[in-house]
Amino acid sequence: MQKNLTQTTDFSEQAVFANRVKSLAFDIYGTTPKACVITFGCQQNVNDSERLKGMLCECGYTITDEMEAADFIIFNTCAVREHAEMRVFGNVGMTKHIKAERPNTIVAVCGCMSQQEHIAQKFKRSYPYVDIVMGTHVSHRLPEFIYKRLSGSPRIFELSMDNNTIVEDVPIKRDGTFKGWLPIMYGCNNFCTYCIVPYVRGRERSREPEKILAEFKEMVKNGVKDITLLGQNVNSYGKGCDHGVNFAKLLRMLNEVEGEFVIRFMTSHPKDCTIELLDTIRDCKKVSRHLHLPFQSGSSKILKRMNRYYDRESYLKLIENAKERLDYVDLTSDIIVGFPGETYEDFKETLTLVEKVKFASLFTFIYSKRNGTPAAVMEDNISRAEKGKWFDELLKLQEEIAKENINKYIGNTYRVLCDDFGSRDGYMTGHTNGTAVIEFKADESLLGQFVSVKVLGYENGLYGEII
Ligand code: 5AD
Ligand code: SF4
């Protein structure tokens, strides 16, 4: 196995720039400057944005949701599908008039889109009001880039990649109080043929277990009760590292931490989901009963073309093992419809797989061509309209299954984290440690607390009562 060469550095160099920005920005704007962070895409990006906000606070900015009022605007972008990219271009375009009115405003773009050379070039050429484009490997250098631009440097385009370094101790300003994200690894080595992620996020790098444990304990101490561990493929955590802690062992370690909380994780690649992991989930009471196992296609032929390293049979065997070992588990998945070369016969295998497994919910996508990936040059003969029909057929099937699934909850009692206001006055909602949401009568003082709720029935959603 290839040795993991990951090294860890810290934020100290950037802290110096943050201090410089603090005084320079105050001089330029004449008051405490405001920053707006706009996020597209996955939970990894949501967490990265929390770190962008942390760094911006360190630089003396206050955070605003209003782009129009901000002195610094940053778009944290997603490149997974074309639709996401189009939305980003539209949104960045809206800053043109802000820049015309207030030329001191700084506009920046970061995240997966900006790591692609052709996209950075497009910002350079066609969006002259964009000041900073920074790739995914340098986002911790935000204070340095702001400082340089405020001091009159030319526009900044920094896309360099470093696959061996993890930067720890980047300041963070979390969006939530009782729910939080915790990255355990970065990058992806799988190169599924449709996916741009390995090209823009680089190779797999695992954080040190001690760093993860320290951040986890800090979150628990601060009252976070629902913690999601993040990685493109958490099941390959620790591969090639000397510390010998794999994902199952990491879960056991975190499960030992004192306190009442739920540990969630995503995403799991089915090829690395081991019996050891299933048994760990069974043994660890604080680990959620939710497995997000994206199967992408029910056809072994298509899975091979996707470079997924499992086939229909081994996926179904994995699901059988999971159901056998876990008395209760909510299964969810990602599916791509209309991959190049997929026929209706292949797609029907996706339908029959969905019918067999009975997922709690699905994230379904029509295949989107990503330049630079192997699938982009594969022959694709099915029209978008035809793919749309298949897609609708899949949604309809899942709707029926979701209705059937409801019965498995009714009559049971769950420990739920009361996490939001309900649809009616005096009602709150909570999540089980799987994926179900239950509404129940409760005082709002219970927000952020665990309660035991018995599910009584279903009416536009599950409802129940605290017992
Ligand atoms: N087209 C459509 N969906 C995609 N995904 C990743 N790349 C593409 C693409 N090119 C989906 C996969 C993945 C999820 C995060 O996004 O289903 O699991
Ligand atoms: Fe993309 Fe596949 Fe890596 Fe997921 S595992 S990020 S789908 S390449």
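A pocket, as the word is used here, is an open set of grid points where a 1.4 Å probe fits, with protein on both sides within 12 Å along at least five of seven lines. With that in hand, here are the views of this predicted model.

**Figure 1. Ligand 2 takes up the space of the largest pocket.** Several of the residues around ligand 2 come from one stretch of sequence, including Cys188, Asn190, Phe191, Cys192, Tyr194, Cys195, Val197 and Pro198. Gln232, His269 and Arg308 are also among the residues around the ligand.

**Figure 2. Phe191, one of the residues around ligand 2, has a positive phi.** The angle is about 50°, although Phe191 is not a glycine. Look for Phe191 in the loop that runs between strand 10 (185-186) and helix 7 (197-201). Its relative accessible area is 29%, so Phe191 counts as partly exposed.

**Figure 3. Tyr309 is another non-glycine residue with a positive phi.** Here phi is about 65°. Tyr309 sits in the loop that links helix 11 (300-306) to helix 12 (312-325). Because its relative accessibility is 57%, Tyr309 counts as exposed.

**Figure 4. Met266 and Thr267 are joined by a cis peptide bond.** Omega at this bond is about 5°. Thr267 belongs to the loop between strand 13 (262-266) and helix 10 (275-283).

**Figure 5. Ser139 lies in the loop between strand 6 (132-134) and helix 6 (142-150).** Leaving aside residues up to four places away in sequence, Ser139 touches Leu52, Met55 and Met134. Ser49 is 90 residues from Ser139 in sequence, yet their C-alpha atoms are 9.9 Å apart in space. With a relative accessible area of 23%, Ser139 is partly exposed; the reason is that buried would mean under 20% and exposed over 50%.

Figure 6. Along its principal axes, the C-alpha trace spans about 60 × 55 × 50 Å. A compact globule of 467 residues would have a radius of gyration near 23 Å, and the chain's 23 Å agrees with that. Of the 467 residues, 55% count as buried. Among contacts between residues at least 6 apart in sequence, 75% join residues at least 24 apart.

Terms used. Residues are numbered from 1 along each chain as its sequence is written. Chains are lettered from A and ligands numbered from 1 in the order in which they are written. This is a predicted model: local features need pLDDT of at least 70, side-chain atom pairs count only at pLDDT 80 or more; totals for chains, interfaces and linings use all residues. Side-chain values use heavy atoms; hydrogens and water are left out. A residue is near a molecule or strand if one of its heavy atoms lies within 4 Å of it. On a 1 Å grid over the protein atoms alone, a cavity is a set of points where a 1.4 Å probe fits but cannot get out, and a pocket is an open set with protein on both sides within 12 Å along at least five of seven lines; lining residues have an atom within 4 Å of a point. A molecule sits in a cavity or pocket if more than half of its atoms lie within 2 Å of its grid points. The radius of gyration is taken over C-alpha atoms; the globule rule is 2.2 Å times the number of residues to the power 0.38. Buried means under 20% relative accessible area, exposed over 50%, partly exposed in between (1.4 Å probe, protein chains only). Contact means heavy atoms within 4.5 Å. Helices (H or I, at least four residues) and strands (E, at least two) are DSSP runs, numbered from the N terminus.
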